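Hello,

Here is the structure for you to look over. My notes follow below it.

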Amino acid sequence: MYTDSRQVRLSIDAADSRPLYQQVADGIRELVASGQLAVGAALPSVRQLAADLSVNMNTIATAYHELQNDGLLEVRHGSGAFVASTMSNQTEAELLSPLRRALTALLIADWPQTKILALVKQQLRQIRSGST
Amino acid sequence: MLPGNAYLALYAVFLVSRVNGCIRRGRQPLLRGRQWFFNVPVGMEFYRGSGARLLRGYWLRMLVPFAVELPVAAYLIASGRPSVLAWLILALCALIHLNHHYSVAFAVRQARRLASAEPQATSTIVAPVVRRSLNEYSSRPAEWIVGLSIAIATGCLIHHYDTSPGRYDPRFVFGAPVLCLYVHIGLILLKRYVVHWSAPIPGAYTSEYFECVERTRRFYARMVDWCRIFFTVPILIWPAVLAVSASSAQLLLQVWFLSAMSWSIVLALWVEFQRKALVATALEAPPIVVPDPLNQSNLAPWPLCFQPAAPAMILKGARGNSLNFAHVNVAIGAAYLAGMSVLVVLLHS
């Protein structure tokens, strides 16, 4: 079996409304958050990941660039991309902003508070365990 | 130089070793049973109607290399130039694979029009977030042995040439090893391509597809390694051939030739067993249509295209596969072939 060494996986969904680069960036963020990608772990080259996901190389380059700006990724010329830190260099306000936006949308959709809390817990569990 | 009979024997072994390959390729459309034509689901009546004609056409196209080679081989043998058979074999290796690739693509395209149902589809593509490298697919001791063998042989050849000035033409001393070394470098490039080769993994039956892709990659990487060892042996024995008397050298060459033939047969058998295992693995995963975010059918006109942002060397266009001229491997391959032509001309003249 060769699958064991390949358990760290990333997926993109053509039916997802997010742009492909965003899906890739979010996927890598989740892998770092769940501990599946440790600090110093080497990421595939832009060409390799683009070929494996059948996407344009610019898509992966944009995703890596976004993660680099976030401080999650370090790109060393000639060596490739590595996980730089599990700590994002965004401010607390920047981190909270998307959460507030999502919570507001759920409240507008008339979701009860208990359901929202349960959902947040469930999502947190899934991210930590690395499942989708 | 080998005697003419050796080239005839080589060609005979080549012909015989292809029989099993022909049978295997002939069975390919029916591997999933009579409700499938390759990966296209077809009805129960398919092989009684238009499917039978389609299958016959596929089988006939498989025989194209034989139709090309037999008159050429007969002419070469009749005109007393059996050594050119070695080049014919090399050209046939490429022709057989290209012809098979084209025949499969053509037959599948025709069968899709007669498909009984749409194959299962998924909107998700999965990729491993692991960097693939040549190291991961190589055996360190084997690499050391091959590298040291080449270094020792080169040292012996230089010493031999230095200690017998004026006796040998440098092309005679270094020609054959340099040609083998160049083939060796080509095989390393091929292995690099195999390691970086990718196939989209669908979101369904992911583990089965991963297993299949990884097994295929390891199989081809190992096959390239065996071929590299095959081309290292002549580099290693050439200094010995030069050092001994003419009659002993002839004997040594004959021993090497017979060993190489036996080795080829063993290798061919190993390849067939491995292929059987690969087919069994591939059959565990049903055919699944994956999305094409790259929009290859619009990007890639047949047979050539120039797409610098596309990561693949071969793109699947609407009318068949298209070679992406912007891919770095195309430039490397073209430079390699040009280098090979120059080397052959230099050695020949």
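A residue counts as buried when its relative accessible area is under 20%. B:Arg18 comes in at 9%, so this arginine is buried. Please keep in mind that the model is predicted.

B:Arg18 sits in helix H1 of chain B, which covers residues 4-27. What does B:Arg18 touch, leaving aside residues up to four places away in sequence? The contacts are B:Pro65, B:Phe66, B:Glu69, B:Leu92 and B:Ile96.

Next, the contact between the chains. 31 residues of chain B meet 35 residues of chain A. About 3,000 Å² is buried between the two chains, and carbon and sulfur atoms supply 56% of that area. On the chain B side, B:Val129, B:Arg131 and B:Pro311 lose the most area to chain A. Together they make up 25% of what that side buries.

The polar part looks like this. Between chain B and chain A, 15 residue pairs are in polar contact, both residues being at pLDDT 80 or more. How many salt bridges are there between chain B and chain A? The count is one. The side chains involved are those of A:Asp52 and B:Arg132, at 3.2 Å from N to O. Two elements of chain B give two or more residues to the side that touches chain A: E4 and helix H7 (206-243). H7(B) gives the most, with eight residues.

There is also a sheet to look at. It is open, has three strands and runs in the order E1(A)-E4(B)-E5(B), with antiparallel pairing. Strand E1 (9-13) of chain A and strand E5 (201-202) of chain B are the edge strands. Each has a single partner strand, so one side of each has no neighbour in the sheet. In general, strands of a sheet pair through backbone hydrogen bonds. Here, five bridges join E1(A) to E4 of chain B (residues 124-128), and the two run antiparallel. Within that pairing, A:Arg9 stands opposite B:Pro128.

Last, helix H8 of chain B. H8(B) spans residues 246-283, which is 38 residues. From first C-alpha to last, H8(B) reaches 55 Å, close to the 56 Å expected at 1.5 Å a residue. Which residues of H8(B) are buried? Among them are B:Ala249, B:Leu253, B:Phe257, B:Ala260 and B:Met261. Further along, B:Leu267, B:Val271 and B:Leu278 are buried too. An α-helix has 3.6 residues a turn, so residues three or four places apart point the same way.

Best wishes

Methods: Residues numbered from 1 in each chain as written. Chains lettered and ligands numbered in written order. Predicted model: local features only at pLDDT ≥ 70, side-chain atom pairs only at ≥ 80, totals over all residues. Heavy atoms only, no water. Pairing = 2+ DSSP bridges. Helix = DSSP H or I, 4+ residues; strand = E, 2+ residues; numbered from the N terminus. Expected span 1.5 Å × (residues − 1). Buried < 20%, exposed > 50% of the residue type's maximum accessible area, 1.4 Å probe, protein only. Contact = heavy atoms within 4.5 Å. Buried area = accessible area lost by both parts, 1.4 Å probe. Salt bridge = Lys/Arg side-chain N within 4 Å of Asp/Glu carboxyl O. Polar contact = N/O pair within 3.5 Å; in protein donor to acceptor, adjacent residues only side chain to side chain.
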